[in-house]
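Me: I am new to this structure. Please walk me through how to read it, one feature at a time.

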Amino acid sequence: MGILEKIAEIEREVARTQKNKATEYHLGLLKAKLAKYRSQLLEPTGKAGAKGEGFDVMKSGDARVALIGFPSVGKSTLLSTLTETESECASYEFTTLTCIPGVIQHKGANIQLLDLPGIIEGAAQGKGRGRQVIAVARTADLVIIMCDASKSHSQRELLEKELETVGIRLNQTKPNIYFKPKKAGGLSFNSTLPLTKCNEKMVQMILHEYKIFNCEVLFREDATPDQFIDVILDNRKYLPCLYVYNKIDQISIEEVDKLAREPHTVVVSCNMKLNLDYLVDKVWEHLDLIRIFTKRRGARPDFGEGEALIMRNGSTVEHVCHSVHRTMVEKFKYALVWGTSVKFSPQRVGLQHKMEQDDVICIVSNL
Ligand SMILES: Nc1nc2c(ncn2[C@@H]2O[C@H](COP(=O)(O)OP(=O)(O)OP(=O)(O)O)[C@@H](O)[C@H]2O)c(=O)[nH]1
Ligand SMILES: [K+]
Ligand SMILES: [Mg+2]
């Protein structure tokens, strides 16, 4: 039996198994098996094209955003509208057959936007160009799931499921579980809080399915068996995701309003250029980037386009030093910071100080 058939069989069994206390462990075991087969599906098979089968597009700029959606939802129209790149748009499905990169310029950052072929149900199993598209999605810093607002709401769930199947976790953080395989000693299981979704017996069963008999496990959050499996497999990709509903010119204002209230969601019309500025703001927000201005002592800060430093939120003065010059940290004396990250502007800070959006920094160094 092929892996796909095994997966289908287990999925059928999960579907017909009633969910209750008595079947809890059986379901947990089935899920562990499912995850095992699915991850085998992702491993390169050695056949031609299995390795690096994504589209070869160089990463460039400060961040990368991948456009995922069914055919003809308007992905190429969005790329052609937001960037200077033209990607062919047409009313027929599968107009786009490769990966087309464009650049969104925003707050001095260059954000690479990737237009991709439409994917269909079963993409994760290799239907259409699904695998290649998903391989690109894994390399992105943000996924945009684009839907046609005038079509069925199930698009969103279907796409989520495709990405979920290949180990991509959207808008989730890595489960806070410590897991360390050992040479001997059996299972040492602990938790820092009461667990309501998983317990030692379940953990042990899942581990046996992966032939792990000696290890240390510490739950630091009330995680589910699925989350524990994610930790064992250790090949999950946690990515932020924005849901973009296009073609709102085709639906009623009530429907637009309803969609717009969903979490992580933006409603737009590419053709009528509605709400696109808001979309770019949301992209920036979900990428969790910050812009920092530098200034020399006694000079005005440089607020010019392209003069800002683009960094990840949470970056410290030390990170700023590194991105200015590699020897900066060694010569660092202190920094003066203006902006929301400090109580007084300017304030003298050290290397560990965390920078915030639009702060200005002047680094004072030993000569
Ligand atoms: N009504 C309406 N139509 C739109 C809008 N945006 C795009 N379209 C139309 O939708 C069709 C498909 O657009 P594309 O940009 O080619 O869609 P795609 O998602 O790139 O399609 P594939 O590359 O085939 O997957 C075209 O006929 C567009 O003119 C919009 O905001 N409103
Ligand atoms: K199209
Ligand atoms: Mg297209």
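Me: Which residues surround ligand 1 and are the closest?

Reply: This is a predicted model. Start with the shell. Ligand 1 is surrounded by 24 residues, with Gly-74, Ser-76, Thr-77, Thr-96 and Gly-118 the closest.

Me: Which element gives the largest share of that shell?

Reply: Helix α3, residues 75-82, gives the largest share, with three residues.

Me: How is the chain divided into domains?

Reply: The assignment gives three entries. Domain 1 covers 3-43 + 175-233, domain 2 covers 63-172 + 237-287, and domain 3 covers 289-365. Taken over C-alpha atoms, the centres of domain 1 and domain 3 are separated by 45 Å.

Me: What does UniProt place at residues 63-288?

Reply: The unreviewed UniProt entry puts the feature "domain: OBG-type G" there. Over residues 63-288 the chain is 30% helix and 26% strand. The end C-alpha atoms of that stretch are 10 Å apart.

Me: Now the whole chain. How many helices and strands are there?

Reply: The protein chain has 11 helices and 16 strands. Its C-alpha trace spans about 70 × 60 × 45 Å along the principal axes. Of its 367 residues, 30% count as buried. Look at contacts too: among those with a separation of 6 or more, 64% join residues 24 or more positions apart.

Me: Which residues touch the most other members of the largest nonpolar core?

Reply: The general idea comes before the case. In soluble globular proteins, nonpolar side chains tend to be buried together. Here the largest nonpolar core has 64 residues, and Ala-66, Ile-68 and Ile-144 touch the most other members. Strand β4, residues 142-148, gives the most to this core, with six residues.

Me: Why does this core lie between domain 2 and domain 3?

Reply: Because domain 2 (63-172 + 237-287) and domain 3 (289-365) both give residues to the core, it lies between them. Apart from this core lies another, of 11 residues, including Cys-198, Met-202, Val-203 and Val-217.

Me: What is Ile-144 in contact with?

Reply: Set aside its neighbours within four places in sequence. Ile-144 is then in contact with Val-65, Ala-66, Leu-67, Ile-68, Leu-242 and Val-244.

Me: Back to helix α3. Why does Thr-81 count as partly exposed?

Reply: Count neighbours. A residue is buried with 20 or more other C-beta atoms within 10 Å, and exposed with 12 or fewer. Thr-81, in helix α3, has 15 C-beta neighbours inside 10 Å, so it counts as partly exposed. Not counting residues up to four places away in sequence, Thr-81 touches Cys-270, Lys-273 and Leu-276.

Me: Where is Lys-247?

Reply: Lys-247 sits in the loop between β10 (241-246) and α8 (253-260). Phi of Lys-247 is near 65°, again positive in a residue other than glycine. Lys-247 is buried, with 22 other C-beta atoms within 10 Å.

Me: Last one. Which residues does a cis peptide bond join?

Reply: Read omega. It is about -5° at the cis peptide bond joining Ser-345 and Pro-346. Pro-346 is in the loop between β14 (332-338) and β15 (347-349).

Note on methods
Residues are numbered from 1 along each chain as its sequence is written. Chains are lettered from A and ligands numbered from 1 in the order in which they are written. This is a predicted model: local features need pLDDT of at least 70, side-chain atom pairs count only at pLDDT 80 or more; totals for chains, interfaces and linings use all residues. UniProt positions are given in the numbering used here, feature names are shortened, and annotations may be inferred rather than shown by experiment. Helices (H or I, at least four residues) and strands (E, at least two) are DSSP runs, numbered from the N terminus. A residue is near a molecule or strand if its C-beta atom, placed from the backbone, lies within 6 Å of it. A nonpolar core is a set of buried Ala, Val, Leu, Ile, Met, Phe, Trp, Tyr and Cys residues joined through C-beta atoms within 7 Å. Domain bounds come from an automatic or database domain assignment. Two residues are in contact if their C-beta atoms, placed from the backbone, lie within 7 Å.
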